[in-house]
Amino acid sequence: FKGGDTCEYLLSSGRFLGEKVWQPHSCMMHKYKNSEAKNCLIDKHVVFIGDSRIRQLFYSFIKLINPQVKEEGIKHGNIPFEDKSASIKVDFLWYPEVNGSMRQRIKSWTEGSVAKPHIIVVGAATWSIKIHNGSNEALAQYKVNITSIAPLLEKLAISSDVYWVLQDPVYEDMLSESRKMITNEKIDAYNEAAVRILNSSSRNSKAKVKVFSVSKLIAQETIMKSADGLHLPESSRDTNAMILMNVYCNKIMKPIDGSCCQPQPPLTLIQKIAFCFFTLSIIGYLIISLIHRNNYRKNKSCTDLESGEEKKPAISTPNVSTLEILLHCFCKLGLIMTYFYLCDRANLFMKENKFYTHSSFFIPIVYILVLGVFYTENTKETKVLNREQTDEWKGWMQLVILIYHISGASTFLPVYMHIRVLVAAYLFQTGYGHFSYFWIKGDFGVYRVCQVLFRLNFLVVVLCIVMDRPYQFYYFVPLVTVWFMIIYATLAVWPQIVQKKANGNCLWHFGLLLKLICLLTCIYFLSYSQGVFEKIFSFWPLSKCFELNGNVYEWWFRWKLDRYVVFHGMLFAFIYLALQKRQMISEGKGDPLFSNRVSNVLLFISVVSFLTYSIWASSCKNKTECNELHPSVSVVQILAFILIRNIPGYVRSVYSSFFAWFGKISLELFICQYHIWLAADTKGVLVLIPGYPMFNVLVSTFIFVCVAHEISQITNDLAQIVVPKDNSTLLKRLLCIAGFFSGLHFFSAMQDQSRH
């Protein structure tokens, strides 16, 4: 552990991902938009001092503020820039040599009450080499001049950000005859002198001149594309400007995907309380374990020395108490949450930006598909969408989504559109599964509702507390929670229509269809009435759950994107169960679902539909337009997959135990990836082992999957305790939960007040 100063890494080291994407060592760089740059630099004065290379950097920097700026200034003179809307001043001062003139200008800012620039970027050397024909005397004079300037820069660094830009290498073969004396050997000598002299007299870390050496690394990779062998290509100098912006602005703007130069966020009041709770749980569990161990030793069978017979203990070993199970669960959860915090809130582990390549996405996909096929077993039952099959479906979809996230494949539109279908398929299963349960069982009791809500939301609530994130941030859980409540309300509201009642009178089927039509009408109305939707979810306490960045637009967008697919899942379940009840489908082992002719026709239609959707999704050119069509057409590929998977008897009779295992913990995998597999709230990738990308992915993935599996077990254990079957006990627990959330809201309000 080298410490948390990621600014040092940002300014000095990194590598290219592909040809144009720069990856600083250990941290993530944010790509600043014009509006963000203006907000950061409002009322600021920035000065660039140096030669033509610094002038290039100056132009790239001001284009981050105003992209319309053209490079039309005087080549060998000062160039001012001002953005009056944000009161930003950026000046380029032409001082191509480190000499008395440059020293005098810098000295003027250190004297009296003269307004000092907030950011000063200095660098020069190539003119000294050129004018003096690369002589050793010029280098010696350069050292003397920097020695006289260094104390002034250090004095300015107390109140301003001062950067010394080291000289980039040149491409000697392309240099003109008048620049042939500028060699990389000479440049290295000048850079070495600057680094040795700067900060040599400074003992105060605040008075430190920051050495901007990363541009050397960037130039080494790109100088061959230079037009004259001396000046960097535009993409490289834009990267340097973006690095400068990150160094200064990240600590002000605190972008999620800009971990470089960001200090560790302070612990909130709620986080401190959570830390104390988990600490007490660990201590409590250790105390109870020690007591039980001592009791076990005392009561352990021992040999009677006189008779040689074994005595039985007078007291039998007690069963594990509810308190011990609770403490054991919270003990494990506390250790796991500590790991979460260290990975994505403390500056302990490194984070890197994602970078998409086709191979980084498709090779792992092929690999897991081969593994999935290898672990093929017979199903216990051969019904359509039986438990093993749905677990398998969730499992392979979850693995594909995970690979999609870590590879950054969202930038490739055809992959994005197919992943949207997988997310829709999860919601389809939500509609299918919950409708089937309520329709067949007719169980609308509070116990069932509380069990489902607890299992869906437990991990997310804990993460909201520990990671200081709003509920809506983990958007998928609010989505399935709301849809579960909609399904429950649709079927539970009077008249309650279930299979048992409908079997007695066919008219009840029409009553249920009428309910579904009403649901579809409401969905359609809300999807085209953003104002009404936002008003509904802006009321307290719903607003506390569904607001993100002060509004519910993100929630509306997420809900609207897959608005019909849960309804499609409910309708499919109704039709399938009706056909099953009338024995119109054959679900025997090895039997096709329908007659051979019908099965073949449906299979052909399904394959054509599946491929047609893939062709359409792959030809998408505009994400917004495709997202508009997605809610209506995603069901085509979902239904096609279900029919292909279930019509042939043999295919329906087998499943992949490999995928099914992951399917059982798919919700935990989806949520845990936010912080312990990805990083910076999914914007980057967690780096536990720097320098070895493949090994890092293997190690972090192993830990991530183990943690998700453990959390799944903890959730199941706690669900049995927190949500008991006895109604009177359940009511008491619900009152305790209401008290917990009231306390959470109270502390959250205190926290917000202290922040403001």
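Strands β3 (residues 45-50) and β6 (residues 119-123) run parallel to each other and are joined by 5 bridges. Within this pair, Phe 48 has Val 121 of β6 as its bridge partner. The model is predicted. The protein chain holds 29 helices and 15 strands, and buried residues account for 50% of its 756 residues.

**The six-stranded sheet**

- β3 and β6 belong to an open sheet of 6 strands, ordered β4-β5-β3-β6-β7-β8, with mixed pairing.
- At the edges stand β4 (79-83) and β8 (210-212), each of which pairs on one side only.
- From one strand to the next, the twist averages 15 degrees.
- Helix α4 (residues 100-110) packs on this sheet and touches β3, β5 (88-94) and β6.
- The direction of α4 makes about 160 degrees with that of β3.
- Strands of a sheet pair through backbone hydrogen bonds, in either the parallel or the antiparallel sense.

**The three-stranded sheet**

- A second open sheet has 3 strands in the order β11-β15-β14, and its pairing is antiparallel.
- β11 and β14 (678-679) are the edge strands; each has a single partner strand, so one side of each lacks a neighbour in the sheet.
- β11 is joined to β15 (residues 684-687) by 4 bridges, and the two strands run antiparallel.
- Across this pair, Asn 353 has Gly 684 of β15 as its bridge partner, while Lys 351 stands opposite Leu 686 in β15.
- In a regular strand, side chains alternate between the two faces of the sheet.
- In β11 (residues 350-353), Met 350 and Glu 352 point one way, whereas Lys 351 and Asn 353 point the other way.

**Ala 680, between β14 and β15**

- Ala 680 sits in the loop between β14 and β15.
- Ala 680 has a relative accessible area of 7%, and therefore counts as buried.
- Not counting residues up to four places away in sequence, Ala 680 touches Met 28, Ile 256, Asp 344 and Lys 351.
- Ala 680 and Asp 257 are 423 residues apart along the chain, yet their C-alpha atoms are separated by 5.9 Å.

**Buried residues in helices**

- Ser 236 is placed in helix α9 (residues 234-253).
- The relative accessible area of Ser 236 is 1%, so this residue is buried.
- Leaving aside neighbours within four places in sequence, Ser 236 is in contact with Ile 218 and Thr 222.
- Arg 652 lies in helix α25 (residues 649-652).
- Arg 652 is buried because its relative accessible area is 0%.

- Leu 269, Ile 273, Phe 746 and Met 750 make a nonpolar surface patch of about 340 Å².
- Helices α10 (269-299) and α29 (727-755) are the elements that give two or more residues to this patch.
- Met 750 is located in helix α29.
- Met 750 has a relative accessibility of 37%, so this residue counts as partly exposed; the class covers values between the buried limit of 20% and the exposed limit of 50%.

**The chain as a whole**

- Taken along the principal axes, the C-alpha atoms of the protein chain fill a box of roughly 100 × 85 × 50 Å.
- The accessible surface of the protein chain is about 37,300 Å², and 61% of this area belongs to carbon and sulfur atoms.
- Among contacts with a separation of 6 or more in the protein chain, 77% are between residues 24 or more positions apart.

How values were computed: Residues are numbered from 1 along each chain as its sequence is written. This is a predicted model: local features need pLDDT of at least 70, side-chain atom pairs count only at pLDDT 80 or more; totals for chains, interfaces and linings use all residues. Side-chain values use heavy atoms; hydrogens and water are left out. Patches are made of residues with over 30% relative accessible area and no salt bridge: like charges are joined within 9 Å, nonpolar side chains (Val, Leu, Ile, Met, Phe, Trp, Tyr) within 5 Å. Accessible areas come from the Shrake-Rupley method with a 1.4 Å probe; for residues, only the protein chains shown count as cover. A salt bridge is a side-chain nitrogen of Lys or Arg within 4 Å of a carboxyl oxygen of Asp or Glu. Buried means under 20% relative accessible area, exposed over 50%, partly exposed in between (1.4 Å probe, protein chains only). Two strands pair if DSSP finds at least two bridges between them. Axes are lines fitted to C-alpha atoms, for helices over the stretch in contact, and angles run from 0 to 180 degrees between N-to-C directions. Contact means heavy atoms within 4.5 Å.
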